[in-house]
Amino acid sequence: MRTPLFLLISLAIAAAVFAATIALGNDYVFFAGYVVLQYVVLSTAWNILGGYCGYVNFGTAAFFALGAYSTVAVYKLIEADELPHVVPMPVLMLLGGLVSGVIGLGMGYLTLRLRGAFFSIATLALAVVLETLVVNWDFVGGSRGAYIIRPEEIAPLGNYIRYLFLIMLLLTVAALTIARLIERSRLGYGFATIRDDEMAAEAAGVPTLRLKLIATTISGTLMGMAGAPFPYYIGYLQPDSTFALDYAVNSIAMPLIGGTTSWIGPLIGTLLLGSLQQIITVTISSAVNLLIVGALLVAFVIVAPNGIVGLVHTYLQRKPEDFVGRRRVDADAAEPAP
Amino acid sequence: MSNAGERASAELLRVDNLGKRFGGFVALDDIALNVAPGERLGLIGPNGSGKSTLVNCICGTLRNEQGSVHFDGRKLDGLTAHQRTRLGLARSFQLPRPFGSLSLLDNVRIPLIYTVAARGHHHRAAAEVEEHCIGFLREVGLEAKARQRPRDLTQVEMRKLELARAMASEPKLLIADEAMAGLTHSEIEDILALLVRLNEQGVTVILIEHIMRAVMSFSRRIVVLVSGRKIADGAPDQVMRDPEVERAYLGQ
């Protein structure tokens with residue numbers, strides 16, 4: 001499927017989701033749905049570096065928080081109560097993405113010579129450093145946190161949360177399209193060689209360092225964009241909860257459960273795990289959330305290390321073979337008789 | 001190498017007093033080596049003599065502390081491995097390093113889209129690239145497995161894949177690092193025929209091998225490394241009669 005067609009279909013699905021959520025007539029669904037969508041973006045972004053390139057980033061919360069705090073900084077700078085009417089939300093998101101992307105590039109430059117666990121520890125350290133900075137930065141509220149006044153209504157949607165939901169929905173479509181585009185491009189092949197064997201990749205002519213920097217930048221940008229509207233969602237932004245480990249754990253668990261080698265894995269994993277978390281938060285308690293993540297993660301690592309996508313793949317491969325590919329080889333082998 | 005007036009243009013690879021240490025261990029000591037375009041060079045030496053280290057220094061996988069490497073009239077020092085590959089320097093790894101999550105076809109596709117395309121001679125359409133990849137796999141007899149993953153291959157087939165991937169970067173110089181270990185008689189003949197064919201198409205080949213029969217039949221010139229030093233360099237039969245080489249190989 002060509003990318004424009006994919007984009008059209010995704011937009012159609014997004015429109016249908018939005019219409020259905022409105023039809024439910026309960027604004028709580030928007031609040032819950034927003035979180036799930038936010039995690040689709042975060043886990044897709046994580047997967048571009050973690051799944052495609054094999055570099056496990058524990059710093060999702062840092063990039064997410066950078067996006068959120070750049071919105072707070074703009075809010076404090078302009079001192080307008082109705083900021084989104086002065087600076088539109090998409091602009092805030094681009095700004096958050098820019099800040100996170102630049103930090104992502106910088107982090108890549110400093111840490112990408114590290115491999116495996118060492119890289120992961122470095123990203124975790126980055127999150128701690130950034131949190132310390134924010135806690136001590138009074139302008140954005142420091143450890144006290146910052147209150148953001150959310151506009152009540154937005155025409156023509158009504159409640160502002162609907163607008164936030166819509167915007168996150170569009171960002172989700174954008175993130176998935178980007179991830180899918182990468183997967184099928186020259187860049188995606190390059191990322192896969194980095195995941196498999198960097199020395200062999202270099203020998204085949206792949207500029208591994210540059211590709212890894214591209215991955216950290218794209219990944220960081222998307223995470224920052226997902227964080228930018230967050231202050232308006234939550235109303236009160238505070239370092240402890242913005243830099244929470246939940247973001248890192250979830251954005252790793254969701255792609256792992258869905259499958260890390262394709263764009264659809266993080267989507268499936270997030271829809272499953274994210275929705276489950278929202279349901280459990282309402283029906284049991286929000287504290288059970290991480291327990292569920294932990295249990296599922298352990299189960300998947302043992303039963304299906306390649307996630308749900310991997311399970312489906314193995315099931316399909318038991319059948320004769322990937323026939324699309326098969327046919328092409330046969331056509332090639334059967335040269336026309338002279 | 002009796003060409004008295006040898007010019008820079010007449011040498012494809014020039015290694016000057018190359019040195020490499022690992023801590024206190026001297027892996028390579030003052031290596032000098034010239035390779036002319038179109039040559040078939042055999043590089044031999046006992047295990048641990050520094051053959052693979054030399055290849056790694058030439059290809060940019062390792063950095064040499066001393067000396068310099070020139071290739072095709074350019075100084076290579078400071079260039080990364082992928083930049084050297086793009087200049088036309090290809091190698092196969094002694095222990096096969098396939099891209100495990102990619103099909104054989106895509107393994108061969110990587111050098112085509114990253115190296116050959118980067119040279120920018122001509123743009124190939126996707127279908128054309130694929131046909132080209134299949135062609136390289138056919139050369140090493142892996143065409144039927146084009147859609148499979150490297151984990152389905154035997155060790156021997158992986159070596160062939162290594163070679164196919166190195167060939168796919170359309171190199172000027174191909175360094176085959178023990179591509180034949182573990183192969184049967186007829187398979188060795190196949191690989192040798194393939195390398196000779198490549199050489200006849202104008203590719204310079206350096207063959208690193210333990211199988212003497214293969215080295216002797218392939219090489220026009222042989223270089224011997226022992227303990228990181230070059231002890232002989234010349235025509236095969238002449239090198240084999242060299243008392244120092246005999247000592248290194250057979251003991252005294």
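In what order do the 4 strands of the open sheet in chain B run? The views below start there.

This is a predicted model, where local features need pLDDT of at least 70, side-chain atom pairs count only at pLDDT 80 or more, and totals for chains, interfaces and linings use all residues. Residues are numbered from 1 along each chain as its sequence is written, while chains are lettered from A and ligands numbered from 1 in the order in which they are written.

**View 1. The open sheet of chain B.** Here the order is E2-E1-E4-E5, with antiparallel pairing. (Helices, H or I with at least four residues, and strands, E with at least two, are DSSP runs numbered from the N terminus; two strands pair if DSSP finds at least two bridges between them.) Strands E2 (25-35) and E5 (74-75) of chain B sit at the edges, each pairing on one side only. Helix H1 (residues 51-59) of chain B packs on the sheet and touches strand E1 (13-22), E2 and E4 of chain B. The direction of H1 makes about 65° with that of E2(B); such angles run from 0 to 180 degrees between N-to-C directions, using axes fitted to C-alpha atoms, for helices over the stretch in contact.

**View 2. Zooming in on E4 and E5.** Strand E4 (residues 66-71) of chain B and E5(B) pair in the antiparallel sense over 2 bridges. Look for Phe71(B), whose bridge partner in E5(B) is Arg74(B).

**View 3. Two residues with positive phi.** Most residues other than glycine have a negative phi. Asp30(B), in strand E2 of chain B, has a positive phi near 55°. Glu178(B) has a positive phi too, about 45°, and lies in the loop between strand E7 (173-177) and helix H6 (185-200) of chain B. Buried or exposed? With 14 other C-beta atoms within 10 Å, Asp30(B) is partly exposed; Glu178(B), with 19, is also partly exposed. (Buried takes 20 or more other C-beta atoms within 10 Å of a residue's own, exposed 12 or fewer, and partly exposed is in between; C-beta atoms are placed from the backbone.)

**View 4. Where chain B meets chain A.** The contact takes 27 residues from chain B and 22 residues from chain A, counting two residues as in contact if their C-beta atoms, placed from the backbone, lie within 7 Å. On chain B's side, the elements giving two or more residues are helix H2 (81-87) and helix H3 (104-119) of chain B. The largest share, 8 residues, comes from H3(B).
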